[in-house]
Amino acid sequence: MMTAKNLQDRIKLNNGTAMPWFGLGVFKVEEGPELVQAVKTAIKHGYRSIDTAAIYGNEEGVGQGIREGLKEAGISREDLFVTSKVWNDDLGYDETIAAYEASLEKLGLDYLDLYLIHWPVEGRYKAAWKALETLYEQGRVKAIGVSNFQIHHLEDLLKDAAVKPAINQVEYHPRLTQKELQAFCRAHGIQLQAWSPLMQGQLLSHPLLKDIADKYGKTPAQVILRWDLQNGVVTIPKSTKAERIAQNADIFDFELTTEEMKQIDALNENTRVGPDPDNFDF
């Protein structure tokens with residue numbers, strides 16, 4: 001299933017754009033030196049994907065980290081895959097175009113590699129999707145997608161969409177394995193991506209994961225991230241600590257067995273740490 005052999009390996013999305021399997025998430029990381037340093041550290045360690053969002057309020061720091069990180073690593077903007085997301089207040093055709101421009105300005109970039117609708121706000125995501133399609137058709141963004149969309153949201157969107165979402169970024173971890181959603185996305189050529197892959201640290205002391213980790217001389221976090229990739233799910237763990245950023249990505253020198261994959265799958269309880277996409281009020 002999984003083809004990533006190293007941190008730079010990419011998967012081809014449904015429009016031919018190549019996206020790294022592994023990246024850095026910056027949810028809840030506030031503007032400031034720690035954020036800038038985290039982005040620089042990630043790039044230095046070989047990360048080639050950075051994921052932010054308008055609502056995180058940290059696009060300026062991410063942009064600074066990208067500029068400084070690229071310079072120090074001696075690589076070009078084209079080597080990096082940058083994602084941001086349009087927030088619920090800006091879902092609407094003109095509003096979404098304006099939100100995209102505001103994100104670009106804050107990031108200090110000429111284009112984004114991926115732009116996502118952050119949440120499926122009823123009655124509003126279709127107009128936003130039209131705006132994303134316009135940005136895509138104008139070549140201002142390399143790929144467009146959604147976040148937190150359930151099967152019925154995707155079915156609704158696909159009815160009128162001229163461009164199919166390349167990505168659906170959802171909460172995904174061993175307690176929320178999203179098998180039906182993944183099967184639907186796979187059938188429609190939409191790549192699943194995990195946010196909160198480590199369940200905000202809640203699974204790191206689980207006995208099964210500790211046992212498997214001990215077997216390979218790895219950490220439970222590394223086992224979970226490896227499980228993501230072997231399930232064919234793109235993943236973006238968040239960290240600001242240099243040691244953890246490096247450690248999270250050190251998952252390409254071991255492989256979980258089919259049996260271990262099944263054991264981890266069996267931890268599913270359909271438990272969320274984030275909001276329910278069918279029942280949120282923001």
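The sections below treat these topics in turn.

The model is predicted, so local features need pLDDT of at least 70 and side-chain atom pairs count only at pLDDT 80 or more, while totals for chains, interfaces and linings use all residues. Residues are numbered from 1 along each chain as its sequence is written, and side-chain values use heavy atoms, with hydrogens and water left out.

**Sheet**

Helices (H or I, at least four residues) and strands (E, at least two) are DSSP runs, numbered from the N terminus. Two strands pair if DSSP finds at least two bridges between them. Eight strands form an open sheet with parallel pairing, in the order 3-4-5-6-7-8-9-10. Strand 3 (24-25) and strand 10 (234-235) stand at the edges with a single partner strand each, so one side of each has no neighbour in the sheet. Strand 6 pairs with strand 7 (residues 141-147) in the parallel sense over five bridges. Within strand 7, I144 is the bridge partner of Y115.

**Aromatic contacts**

Rings of Phe, Tyr and Trp (its six-membered ring) pair if their centres lie within 6.5 Å; planes under 30 degrees apart count as stacked, over 60 as edge-to-face and the rest as tilted. The whole structure holds 10 aromatic pairs. Two of them are tabulated here.

| Pair | Centre to centre | Angle between planes | Class |
|---|---|---|---|
| Y100 and Y115 | 4.8 Å | 75° | edge-to-face |
| F280 and F282 | 5.0 Å | 45° | tilted |

Y100 lies in helix 3 (residues 93-107) and Y115 in strand 6 (residues 112-117), so their pair ties together parts that are 15 residues apart in sequence. Buried means under 20% relative accessible area, exposed over 50% and partly exposed in between (1.4 Å probe, protein chains only). Both Y100 and Y115 are buried, whereas F282 counts as partly exposed because its relative accessibility is 37%. F280 and F282 also belong to a cluster with W87 and W119, linked by ring pairs.

A charge sits over a ring if NZ of Lys or CZ of Arg is within 6 Å of the ring centre and within 35 degrees of the ring normal. R77 lies over the face of Y111 at 4.0 Å from the ring centre, and R226 over that of F254 at 5.8 Å.

**Cavity and pocket**

On a 1 Å grid over the protein atoms alone, a cavity is a set of points where a 1.4 Å probe fits but cannot get out; a pocket is an open set with protein on both sides within 12 Å along at least five of seven lines, and lining residues have an atom within 4 Å of a point. Grid points are joined across faces, edges and corners, and a volume is the space filled by probe spheres set on the points.

The largest pocket has a volume of about 760 Å³. Of its 37 lining residues, F27, S196, P197, Q200 and K238 are the closest to its centre. Helix 9 gives the most to this lining, with three residues.

One cavity of 30 Å³ or more is counted. The residues lining the largest cavity are N148, Q150, V170, E171, Q178, L181, R272 and P277.

**Backbone angles**

N148 has a positive phi, near 65°, although it is not glycine. N148 lies in the loop between strand 7 and helix 5 (151-160) and counts as buried at 3% relative accessibility. Q200, also other than glycine, has a positive phi near 50°. Q200 is found in the loop between strand 9 (191-195) and helix 7 (207-216).
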